[in-house]
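Me: I am new to this structure and would like to go through it slowly, one question at a time. Please show it first.

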Amino acid sequence: MGIFKDKALVLAVTGGIAAYKSAELARLFIKEGAKVRVVMTASACRFITPLTFQSLTRNPVATDLWESGSPYDINHISLADWADGVVIAPATANIIGKIAGGIADDFLSTFIMAVKAPVIICPAMNVNMYNNAIVQGNLEKLRSGGYRIVEPGSGELACGTEGQGRLPELSDIVEETRKALTNQDLVGLKIMVSSGPAREKWDDVRFISNRSSGKMGTALAAAAYRRGARVTLVTGPTALAEPYGVVTVNTEGTLDMKQAIEDRFSDIDVLIMAAAPGDFRPANQVSGKVKKGELPPPIELALLPDILMGLGPKKGDKILVGFAAEAVNLIENAKKKLTAKNLDLIVANQIGQPGAAFGADTNLVSIIDPSGAVNELPMLSKDDVADAILDRVVRLVEARGK
């Protein structure tokens, strides 16, 4: 279940057309193990019924500050004490203005004044309303007061106009809520993660590559963002969505990835090399398409540089984490790579292990440090493996007094 397991979340719904999407948001939170209660404004009830949310959450829905027989001990106060986190989605200009001005005249606004838990605000409105100087000023005031704002999306709006004002993607709202509930032990660190495969061009149609899906690197980048780091993901071609809150740099071949990493290396604190760059490339790249003949044409291969091997000698006080996927002699070969590349940690995983194959959502790894100590982890989700690796990074940072 992860971060949301048994967490108490209040989903607040205000009066905008995007209110219908909040039902799916409630379902996503519940699916990940959260206990969800819903608060609705009177305007929200005109777009979607309280019964919808009551059916989804199996909890009463709060709509009226003066309602008799309230399910909460002291109405808004007991709910505020119960909450581990609050998500307002959609958040209209009206509720944004109320919170910024300290107005408490209905259940939701009064409840928000009493909440000590993190509050995530997800604006959704007409583009001109969103760009209004007063609305923007209110949002800035909320940011400075510790409220978390998820920027609205851009595109066609319900009113027929185009621009910024769509309810943020539900996956982004969920991710920002995860961050709000996560210990921020990587704040102040700049972390770069490499991910995915490399494609080494032979002609304009064909290339040499590998089976890396990029899931491990993407999980590391997302986990580092949740824990407060400023994260850059340098990734080869994958089918994965770019992780929320992360600066993503897309590359094609190993030399592209090498250049992208080296260009940013001086400005980071930690590099986690989870990518699977190429070892070889076709020595002679062909323009156009090599035509099929009676016999396949020979492909001469040239050696590619080892990205981490080149960075190890000039790392200074940076932390370098490598990966080693091996078919035989896993720990022995991983230790050799750790020493040769001047790494602080290496993550070793055995090729061919069930559940730890390329493209799987789980991984089976051992984390090795320069002392030779081996920490063998059980089979875990790649999200949990990412957190285990970052736990070790935190220990290294603390030991160095960064």
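Me: Is Thr218 buried or exposed?
Reply: This is a predicted model, in which local features need pLDDT of at least 70 and side-chain atom pairs count only at pLDDT 80 or more, while totals for chains, interfaces and linings use all residues. Residues are numbered from 1 along each chain as its sequence is written, and side-chain values use heavy atoms, with hydrogens and water left out. Relative accessible area, taken with a 1.4 Å probe and protein chains only, is called buried under 20%, exposed over 50% and partly exposed in between. Thr218 has 15% relative accessibility, and therefore it counts as buried.

Me: Which helix holds Thr218, and which residues is Thr218 in contact with, leaving aside its neighbours within four places in sequence?
Reply: Helices (H or I, at least four residues) and strands (E, at least two) are DSSP runs numbered from the N terminus, and Thr218 lies in helix H9. Contact means heavy atoms within 4.5 Å. Leaving aside neighbours within four places in sequence, the residues in contact with Thr218 are Ser195, Leu233, Leu240, Ala241 and Pro243.

Me: How is H9 oriented to H13?
Reply: Axes are lines fitted to C-alpha atoms, for helices over the stretch in contact, and angles run from 0 to 180 degrees between N-to-C directions. Helix H9 (residues 215–226) packs against helix H13 (residues 382–400) at an angle of about 60°, the axes being 8 Å apart. Angles under 35 degrees count as roughly parallel, over 145 as roughly antiparallel, 65 to 115 as roughly perpendicular and the rest as oblique. The angle therefore makes H9, relative to H13, oblique.

Me: How many nonpolar, polar and charged residues does the contact of H9 with H13 have?
Reply: On the H9 side the residues are Lys215, Met216, Ala219, Leu220, Ala223, Ala224 and Arg226, and they meet Lys382, Asp383, Val385, Ala386, Asp387, Ile389 and Leu390 in H13. Ala, Val, Leu, Ile, Met, Phe, Trp, Tyr, Cys and Pro count as nonpolar, Asp, Glu, Lys and Arg as charged, and the others, Gly among them, as polar. By class, the contact of H9 with H13 has 9 nonpolar, no polar and 5 charged residues.

Me: Where is Arg58, and is Arg58 buried or exposed?
Reply: Arg58 sits in the loop between helix H2 (50–57) and strand S3 (61–62). Its phi is near 60°, a positive value in a residue other than glycine. The relative accessibility of Arg58 is 69%, so Arg58 counts as exposed.

Me: How far apart in space are Gly155 and Gly165, C-alpha to C-alpha?
Reply: Gly155 belongs to strand S7 (residues 153–156), and because its relative accessibility is 19%, Gly155 counts as buried. Gly155 and Gly165 are 10 residues apart in sequence, and in space, C-alpha to C-alpha, they are apart by 7.9 Å.
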